[in-house]
Structures are given as C-alpha cells and as structure tokens.
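User: I'd like to learn how to read a few features of a protein model. Could you walk me through them, starting with burial?

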Amino acid sequence: MGSSPSSSSVVFAVLFLVLNAPVLCHGGKTSSFVRKVEKTVDMPLDSDVFRVPPGNNAPQQVHITQGDHVGKAVIVSWVTANEPGSKKVIYWSENSEQKEEANSKVYTYKFYNYTSGYIHHCTIRNLEFNTKYYYVVGVGHTERKFWLTTPPAVGPDVPYTFGLIGDLGQSYDSNTTLTHYEKNPTKGQAVLFVGDLSYADNYPNHDNVRWDTWGRFVERSVAYQPWIWTAGNHEIDFAPEIGETKPFKPFTHRYHVPYRASQSTAPFWYSIKRASAYIIVLSSYSAYGKYTPQYKWLEEELPKVNRSETPWLIVLMHSPWYNSYNYHYMEGETMRVMYERWFVQYKVDVVFAGHVHAYERSERISNIAYNIVNGKCVPVRDQTAPVYITIGDGGNLEGLATNMTYPQPEYSAYREASFGHAIFDIKNRTHAYYGWHRNQDGYAVEADTMWFYNRYWHPVDDSTNSEP
Ligand SMILES: *[C@@H]1O[C@H](CO)[C@@H](O)[C@H](O)[C@H]1NC(C)=O
Ligand SMILES: *[C@@H]1O[C@H](CO)[C@@H](O)[C@H](O)[C@H]1NC(C)=O
Ligand SMILES: *[C@@H]1O[C@H](CO)[C@@H](O)[C@H](O)[C@H]1NC(C)=O
Ligand SMILES: *[C@@H]1O[C@H](CO)[C@@H](O)[C@H](O)[C@H]1NC(C)=O
Ligand SMILES: *[C@@H]1O[C@H](CO)[C@@H](O)[C@H](O)[C@H]1NC(C)=O
C-alpha cells in the first residue's frame, strides 16, 4: 500500500462498512491471534514437577478443597507410597500457638495391574473464617508443612477472587497455564476447576501412575488453596476391555468433595457457598433426565439460593451448552434442554464449562421458547440469562481445538484457540471483573475482559458487543 487512498474512496469504504454492518457483525469476535502451533506433549516422568518429595514415605500429592457448605471446613488429602503412615493432620491458626489435630481415613484401590498408594482424606472442621492456618502431614515421620487461608464469612458484599482452569492435563503447556495462574498479579484465592484433571486415561491401560504424577504436579497450588472439583469425561475411567467397569474409580478415591453438605447423594453434583458466591457443580456424565437423582437435587437446590446472602450464582459443568467449535459440537445439548429454563428463572450469573480445548465467551442468551411446534429454536439475547464461558484451555496433551464453525454465531461474543486461564474477581454484590489470560502473553495481560453486573442486584445490560 504505497499511495494514500483518495478521499472519495475512503468515503465509499466507510459507507460500504456502515451499509454492510449487519452482515459483517455476524457474531462476536473470533480472535486472529496466532497461537502456538507446536504439538502439545506431556512432561516426561522424570520432570522436575513430578519429583517425589524427599524422605521415606513422605506425603505427596497434597491437596485441599472446601470441606463443608460454608467454608469453615477443609478436606486435606495426601498420598503415602509405602505404608499408610500417620493419619494425623496437625494444624494451628497463624494467631495462636495452640496446635489441634484431626485424623484422616485411608483408602486404596486397584485399577487393572496398578495398585494405588495410601490415599488420606481428612476433614478439618470448625475453622475460623478469614484466617491463615498452617498444617502438617506425615506427622512423626517425614513431616511436610503447608498453609491455607479460610474464606471470609458468607455475606453479600464480600470480595473474593476465583481462578478458572479446565482440562489441565500434564503437558508442558499445562505447566505454563499453572505458572501463569500463579504469577497473575490478580491473585486467585480458590480455583473453580471445570473437569478433566490428569488425562491418565490417554495412556495404555489408563496408566494410573499418571494420576500420581498429576497430583504431584499441581500440589504447588492446590496444597495452599482449595480447588473446587467438577467431573469431566477423563474422570470416568470406564474400561471394560481391561475389566474396569466402575466409572470414576480413580477420581472418587483421590478427590473427595463435600457433597453431603448440600444434601447431594453423589460426589458428582453438589454446591458450596464461598464468600459472596453460591457455586453449583453439575455432572455432564451422570444421569440428568427427569426423575434422576441429579435432576431432583437441582430442582430442590436452586430455590434454596438466597441472593441476599450470596448474590453471585455460578454453575460449573464439564460439557458446554453453547460451543461454536467443531469439537464436541452439541454434546451439551441434551442437558441444556433439561436445565436451561431453570438457569434463566433463577438468574444464574455465569456458567463455566471445559471439554473444548479453547476459549469462548457467550453473550447473555437463552434458547427456551421452543415447544416442538412453534419453530422458536434459535438462541436470543436475554438479560436474565447467564453468560456461558468455555475455559477448557488448560493445555492437556490432546492439543488445541482450532476448528471453529463459521459464521461465528451471533450468541458468541469472543472465541480464541489459545491455552490459558481466567479470573472471576467479585468486588461486591453488583460488580465482578472477569479476565481471560492467554499463555503467550505476559502474566498481567488480559486477552478478553468483561464487567459482570449481578443478575439479581444490578440486572442492567452488561454485554460487550452492541446488539446487532
Ligand atoms: C501393567 O501391564 C502393562 C502391560 O500390560 C505393563 O507394561 C506394565 O509394566 C504393568 N504394570 C505393572 C505395575 O505391573
Ligand atoms: C514447570 O514450571 C515451573 C514454574 O514455572 C518450572 O520451575 C519448571 O521447571 C517447569 N517444569 C517443566 C518440566 O517445564
Ligand atoms: C436470606 O439471607 C438474608 C441475609 O442473610 C436473611 O436476612 C434472610 O432471612 C434470608 N432469607 C431466607 C428466606 O432465608
Ligand atoms: C473442521 O470441522 C468440519 C466439521 O466437522 C470438517 O468438515 C472439516 O473437515 C474440519 N476442518 C479441518 C481443517 O479439520
Ligand atoms: C461495587 O464495585 C464497583 C466496582 O468496583 C464499584 O464501582 C461500585 O461503586 C461498588 N458498589 C458499592 C455499593 O460499593
């Protein structure tokens, strides 16, 4: 482009753009960012992040999650390789010299020709809110010390910062994602993990050694802040060809969640309150049709959410309902048909899902008018509906989903095939700041952002694209 265009051609070009705006503005933005093209490969077994901690029978794979409905309890879990070792957790608050003790229960399981180590789960109860605690495991033998901070008491204007990670796996890219989450200047206080943890099932016989390596890899974060678990398809580990017919066996032995505290009858769907958020975890891989346990639970659960106490209603699931990539296309559709009207009725603020190895954020839309005969089966803008975010871009060995549907659907606000993580930063009952970070950028750079206005307290239009 050597010569400058004449003024008449500029006017023409502008006119052309204006006249064609409705045609050009099909959907939102498809980022043209040039993503990493190298193959995604798992870190080898002798990688630094998989190192077994020194000392005989040292506790490894230490991880914590919320242990009750409100955040006064925590489940501390760890694995010992050779023998059960001490069941004790010794813990004390930063402000006190008084040491307390709690005991774990120990589990083992076999999977084909793999035998697990001794998996300890210990629920510590009656903690003070908003307090730093130290805790020690491996008591009296090879002791390891960690710390955690309990959330503030549940309340409507309590700020709280959630990290969002999905489909993490254990590749070099997974390590980059975790590093970016840790180095993000906006510090996440807990991770909402939308499923697909280790990807051990991609190995021959679902080599459960890769569950152990994953546990050691993420310990550097999850031993210090709770990760809230959602079951993904890579947690199913259903392998009848090798005699393994009990779904979710490794996952349920290794990762305990406080499902009973929300009257759930299975660890795949449950809820917690944390600060000003009410978080509902659903299972894309458990029955969700009418009359099923999950359906009945959710039907009773949604009316219990008191937005005066917890203004922010967040739902986690693995398989997205709104996904405009050519991967896992429409896999979430049957669950959407069952539950979407409830999400609109109860004004869910945001739904986070994984499964598709890329990033996408929707407008506030719903598709609930259809009744078989009226033909109304297209998503429409709906300010009472949630925003749907796919954050399955943790970086697992299966690589990026790069193949998108065209044109970009109108409901899709932003999509990009890059690895990354996100932060949902609740400021008060009306405002939350959301940012998605791609791994190729500096730690502080946000590639997609949005101010969320709470659907109950401040239900004004918060869309980032103007109505077409
Ligand atoms: C399990 O079996 C596979 C092959 O079937 C073999 O390569 C592996 O070494 C075995 N692992 C153990 C712990 O026996
Ligand atoms: C993983 O990331 C950490 C922190 O950035 C780094 O110290 C470590 O060397 C990385 N390991 C591998 C195998 O990439
Ligand atoms: C909802 O929470 C508020 C604030 O904690 C409380 O005052 C109110 O009684 C609760 N409503 C119900 C129906 O429990
Ligand atoms: C993208 O997905 C579509 C639909 O599944 C398929 O027809 C097409 O071949 C794919 N393109 C590439 C480059 O894989
Ligand atoms: C809530 O947070 C937003 C964003 O920080 C701020 O602009 C607003 O004034 C806050 N509302 C109240 C009532 O403090």
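Analyst: Buried means under 20% relative accessible area, exposed over 50%, and partly exposed in between (1.4 Å probe, protein chains only). Here Y339 has 0% relative accessibility, so Y339 counts as buried. W342, at 11%, counts as buried too. One caution: this is a predicted model, where local features need pLDDT of at least 70, side-chain atom pairs count only at pLDDT 80 or more, and totals for chains, interfaces and linings use all residues. Residues are numbered from 1 along each chain as its sequence is written, chains are lettered from A and ligands numbered from 1 in the order in which they are written, and side-chain values use heavy atoms, with hydrogens and water left out.

User: How are the rings of Y339 and W342 arranged, and where do they lie?

Analyst: A pair of aromatic rings is described by the distance of the centres and the angle of the planes. Rings of Phe, Tyr and Trp (its six-membered ring) pair if their centres lie within 6.5 Å; planes under 30 degrees apart count as stacked, over 60 as edge-to-face and the rest as tilted. With centres 5.4 Å apart and planes at 15 degrees, Y339 and W342 are stacked. Both sit in helix α7 (residues 333-345), 3 residues apart, about one turn of the helix. Helices (H or I, at least four residues) and strands (E, at least two) are DSSP runs, numbered from the N terminus.

User: How many aromatic pairs does the structure hold?

Analyst: There are 37. Among them is W92 with Y134, stacked at 5.8 Å centre to centre and 25 degrees between the planes. W92 is in strand β4 (residues 88-93) and Y134 in strand β10 (residues 132-137), so this pair ties together parts 42 residues apart in sequence.

User: Which charged end sits over the ring of W92?

Analyst: That of K99, 4.3 Å from the ring centre. The rule asks for NZ of Lys or CZ of Arg within 6 Å of the ring centre and within 35 degrees of the ring normal. Likewise, the charged end of R415 sits over the ring of Y406, 5.0 Å from its centre.

User: Which residues are around ligand 2?

Analyst: A residue is near a molecule or strand if one of its heavy atoms lies within 4 Å of it. For ligand 2 these are M43, D48, V49, Y172, N175 and T179. A polar side-chain atom of D48 is 2.5 Å from a ligand 2 oxygen atom.

Notes:
A polar contact is a pair of N or O atoms within 3.5 Å; within protein, one must be able to donate a hydrogen and the other to accept it, and residues adjacent in sequence count only if both atoms are side-chain atoms.
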